Amino acid sequence: MKAQPELLVRRLVRGVLGTQTPLGFATRAACELLLLLGAYITYSWARNKFGSGAPGDEAGDLAFANAVHVLNFESALGLCFERDLQEMLLENCHALLWFANFYYAIMHLALSVSAFALLFLVRRDGFALVRNAFLLSTLVALVGYCCYPLMPPRLLDTPGSMYGGAERRDALGLPPFGFVDVTHTLCTSAPWHTNRMRVTNNWAAMPSMHAGWALWILLSVWLLVLRPRPHNGGSSRQSPAAELESVQVEVAQDCGGSVEQDTDTRSALHRALLVVVLVHPVLTVVCTIVTANHYWIDAVAGALVMLACFGASYVLRCKLHVSNKLL
């Protein structure tokens with residue numbers, strides 16, 4: 001008989017990887033929370049060790065040069081529209097820019113945490129798939145931030161040789177780029193406003209994980225909560241929410257009651273959740289662009305990274321199921 005410590009380790013590995021879920025709710029929740037919290041802290045720490053967090057001006061010069069290359073590439077495609085979009089809002093509606101800055105700073109993390117909680121509570125059997133996709137994407141993003149520092153649009157005309165690009169722009173004889181850093185001009189009194197330049201890697205723009213994580217929310221909630229799935233031994237398909245409603249109807253009928261109002265409420269919540277997960281990626285990309293925190297191509301890169309990591313997570317899960325006996 002295997003030693004108890006070895007059995008415990010195997011159970012933990014199976015539970016966390018999702019190849020088998022023998023762990024109780026509390027133990028599994030604690031493992032997932034520690035894993036995600038540790039991953040996020042490590043990601044934040046490592047992310048800020050590169051780019052503007054590195055000593056010397058070489059990284060800043062490279063980040064500025066990469067930004068010029070990105071703008072030239074977008075111009076060659078005829079899709080360099082970020083400045084025009086921001087100018088339109090600056091001229092007509094500052095309130096929308098304030099909202100965009102709020103959404104970029106707050107909702108990005110708030111909705112990601114909410115999605116994690118929802119997915120774990122509703123579909124622990126498939127949670128490892130989406131969690132692993134999330135972790136893989138953050139790892140790929142760190143590689144991108146290390147290998148390709150990119151000065152965001154909001155800093156291209158900002159003075160200061162440490163973080164800004166104005167001196168580098170003038171040294172090359174380039175005209176002003178015309179972007180405005182709305183966080184440090186229009187939103188200085190906002191509760192989330194801090195001196196971010198000193199505490200974060202300002203050149204961690206490629207890929208945009210604001211866009212990547214927003215797509216993660218859409219894919220994860222659709223796959224595990226909203227997407228219809230087959231019953232065992234049947235061909236009809238229902239979503240988990242619909243299955244729950246069916247059970248409630250049966251219970252209510254057995255008790256001689258009615259759940260029409262409750263069913264309508266749950267259907268409305270189901271539709272509202274679908275609207276949120278569909279609108280959030282679009283709104284996130286728009287907010288990253290109009291606040292000049294990203295180029296549109298950063299969002300495309302973030303989406304491609306997330307799609308690739310979902311595929312890798314699915315392959316990993318299949319491999320682990322095949323080799324389950326090795327665990």
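The exercises below work through a predicted model, each with a stepwise solution.

Residues are numbered from 1 along each chain as its sequence is written. Local features need pLDDT of at least 70, side-chain atom pairs count only at pLDDT 80 or more, totals for chains, interfaces and linings use all residues, and side-chain values use heavy atoms, with hydrogens and water left out.

**Exercise 1. State the secondary structure of the chain and its order along the sequence.**

Step 1. Helices (H or I, at least four residues) and strands (E, at least two) are DSSP runs, numbered from the N terminus.
Step 2. The chain has 11 helices and two strands.
Step 3. In sequence order the pattern reads α-α-α-α-α-α-α-α-β-β-α-α-α.
Step 4. Buried means under 20% relative accessible area, exposed over 50%, and partly exposed in between (1.4 Å probe, protein chains only). Of the 327 residues, 42% count as buried.

**Exercise 2. Find the aromatic cluster and the charge placed over one ring.**

Step 1. Rings of Phe, Tyr and Trp (its six-membered ring) pair if their centres lie within 6.5 Å; planes under 30 degrees apart are stacked, over 60 edge-to-face, the rest tilted.
Step 2. The count comes to 11 aromatic pairs.
Step 3. Ring pairs join Tyr40, Tyr43, Phe116, Phe120, Phe127, Phe134, Trp213 and Trp216 into a cluster.
Step 4. A charge sits over a ring if NZ of Lys or CZ of Arg is within 6 Å of the ring centre and within 35 degrees of the ring normal. The charged end of Arg124 meets this over Phe120, 5.6 Å from the ring centre.
Step 5. Take Phe120 with Arg28: they are 92 residues apart in sequence and 9.6 Å apart in space, C-alpha to C-alpha. Arg28 lies in helix H2. Arg28 is buried, at 3% relative accessible area.

**Exercise 3. Describe the largest cavity and the second largest pocket.**

Step 1. A cavity is a set of points where a 1.4 Å probe fits but cannot get out; a pocket is an open set with protein on both sides within 12 Å along at least five of seven lines; lining residues have an atom within 4 Å of a point. Points are joined across faces, edges and corners, and a volume is the space filled by probe spheres set on the points.
Step 2. The search finds one cavity of 30 Å³ or more. The largest cavity has a volume of about 30 Å³.
Step 3. Its lining is Ala39, Tyr40, Tyr43, Phe134, Leu135, Thr138 and Trp213. H2 and H6 each supply at least two of the lining residues.
Step 4. Ala, Val, Leu, Ile, Met, Phe, Trp, Tyr, Cys and Pro count as nonpolar, Asp, Glu, Lys and Arg as charged, and the others, Gly among them, as polar. The cavity lining has six nonpolar, one polar and no charged residues.
Step 5. The second largest pocket has a volume of about 370 Å³. It is lined by 15 residues, with Leu33, Leu36, Leu37, Val113 and Phe116 nearest its centre. Helices H2 (25-47), H5 (94-122) and H6 (127-147) each give two or more residues to this lining. The pocket lining divides into 13 nonpolar, one polar and one charged.

**Exercise 4. Check the backbone at Pro207 and Ala292.**

Step 1. A cis peptide bond joins Met206 and Pro207, with omega about 0 degrees. Pro207 is in the loop between helix H7 (166-171) and helix H8 (209-226).
Step 2. Ala292 is not glycine, yet its phi is positive, near 65 degrees. Ala292 is in the loop between helix H10 (260-290) and helix H11 (296-322). Ala292 is buried, at 1% relative accessible area.
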